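Me: I would like to go through some labels and ask what stands behind each of them.
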Amino acid sequence: MPDLQIAALAAAREAAERAAGEEGCGLIDRVRAGSWVVGQVARSFHKPAPRPKPH
């Protein structure tokens with residue numbers, strides 16, 4: 001995984017955990033929020049290319 005993608009994942013996790021903390025969530029919920037966001041961002045990096053349409 002390129003360095004830029006790793007940096008994006010780290011920033012997304014940190015932002016999600018911080019936002020959950022500001023909402024009053026506990027530690028476990030903050031970690032879950034960060035992990036969920038990382039999963040969503042990682043999936044967006046690996047979307048398959050669309051299949052060509054037959055002519």
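**Labels and their cut-offs**

Reply: Asp-29 is partly exposed, because its relative accessible area is 40% and the label covers values between buried (under 20%) and exposed (over 50%), found with a 1.4 Å probe on protein chains only. This is a predicted model, in which local features need pLDDT of at least 70, side-chain atom pairs count only at pLDDT 80 or more, and totals for chains, interfaces and linings use all residues. Residues are numbered from 1 along each chain as its sequence is written, and side-chain values use heavy atoms, with hydrogens and water left out.

Me: Why does Arg-32 count as exposed?

Reply: Its relative accessibility is 56%, and exposed means over 50%.

Me: What makes Asp-29 and Arg-32 a salt bridge?

Reply: A salt bridge needs a side-chain nitrogen of Lys or Arg within 4 Å of a carboxyl oxygen of Asp or Glu. The closest N and O atoms of Asp-29 and Arg-32 are 3.5 Å apart, so the pair qualifies. By this rule there are three salt bridges.

Me: What makes Glu-14 and Arg-18 another salt bridge?

Reply: Their closest N and O atoms are 2.8 Å apart, and the limit is the one already given. Both residues are in helix H1, four residues apart, which is about one helical turn. Helices here are DSSP runs of H or I with at least four residues, numbered from the N terminus.

Me: Why are Glu-14 and Arg-18 called partly exposed?

Reply: Glu-14 has a relative accessible area of 47% and Arg-18 has a relative accessibility of 45%, so both fall in the partly exposed range.

Technical notes. Helices (H or I, at least four residues) and strands (E, at least two) are DSSP runs, numbered from the N terminus.
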